Amino acid sequence: MITPKTNKQKDIFHIGFEIGLLMKGIDGLLEIIGSILLLFLTPDRYNWLIRLLTQHELSEDPQDLFANYLINSSPSFSFSTQHFVVFYLLSHGIIKCILVLLLWHQKLWAYPLAILSLILFVVYQLYRYTFTHSAFLILLTIFDVLMIFLTYKESKQVRSKAM
């Protein structure tokens, strides 16, 4: 017999899953839009944009960390970097959006596929972290691990309803 506490737990997990799914869907759409916009950002345009965005800030504070980071990253933006980022964002965004749609429609076979995809994203993010030491990657990885857990819980609940 299911106790009221277990029902509340299931509701919290389900709501968490739906919120996470919505966030993943929005993120996927933003990645697709960003990759398309990035197609038009050549290294020369990137350098010009960085100068434009940082000029005022650096005139007020020449030691500004973020502005100096952008300026220092400017020379490393090449056509190959651009093409890699476009491909990565576009493929990542499309995969996320397809998985979100499949999970939203509760396709049973999509749950293990989503979990596998999230595991692969986590592995890649941890690999990238070894180079960048980005706190953002750690936060994204924690969110993905949480989504793996919520997707697993949701798949159990959906499968039990289907039987």
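Student: Which residues line the largest cavity?

Tutor: The general idea comes first. Rolling a probe the size of a water molecule over the atoms shows where empty space is left. In this predicted model, the largest cavity is lined by Leu-21, Lys-24, Lys-96, Leu-99, Val-100, Leu-103, Ala-114, Leu-118, Phe-121, Met-147 and Thr-151. Two or more lining residues come from each of α1 (4–38), α4 (79–104), α5 (110–132) and α6 (135–162).

Student: Which element gives the most to this lining?

Tutor: The helix α4 does, with four residues. Sorted by class, the lining of the largest cavity holds eight nonpolar, one polar and two charged residues.

Student: How many cavities of 30 Å³ or more are there, and how much space lies in the largest?

Tutor: The count is one cavity of 30 Å³ or more, and the largest cavity has about 120 Å³ of space.

Student: How do the axes of α2 and α3 cross?

Tutor: One reads both the distance and the angle between the axes. The axes of α2 (residues 43–60) and α3 (residues 65–73) come within 9 Å and cross at roughly 155 degrees. Angles over 145 degrees count as roughly antiparallel, and α2 and α3 are therefore roughly antiparallel to each other. Their crossing is left-handed.

Student: Which residues meet where α2 and α3 are in contact?

Tutor: From α2, Tyr-46, Ile-50, Thr-54, Glu-57 and Leu-58 take part; from α3, their partners are Ala-67, Asn-68, Leu-70, Ile-71 and Ser-73. By class, this contact of α2 with α3 comprises six nonpolar, three polar and one charged residues.

Key: Residues numbered from 1 in each chain as written. Predicted model: local features only at pLDDT ≥ 70, side-chain atom pairs only at ≥ 80, totals over all residues. Heavy atoms only, no water. Axes fitted to C-alpha atoms, helices over the stretch in contact; angles between N-to-C directions. Parallel < 35°, antiparallel > 145°, perpendicular 65-115°, else oblique. Left-handed = near helix turned anticlockwise from the far one by under 90°. Contact = heavy atoms within 4.5 Å. Nonpolar A, V, L, I, M, F, W, Y, C, P; charged D, E, K, R; others polar. 1 Å grid on protein atoms, 1.4 Å probe; cavity = no way out; pocket = protein on both sides within 12 Å on 5 of 7 lines; lining within 4 Å. Points joined across faces, edges and corners; volume = space filled by probe spheres on them.
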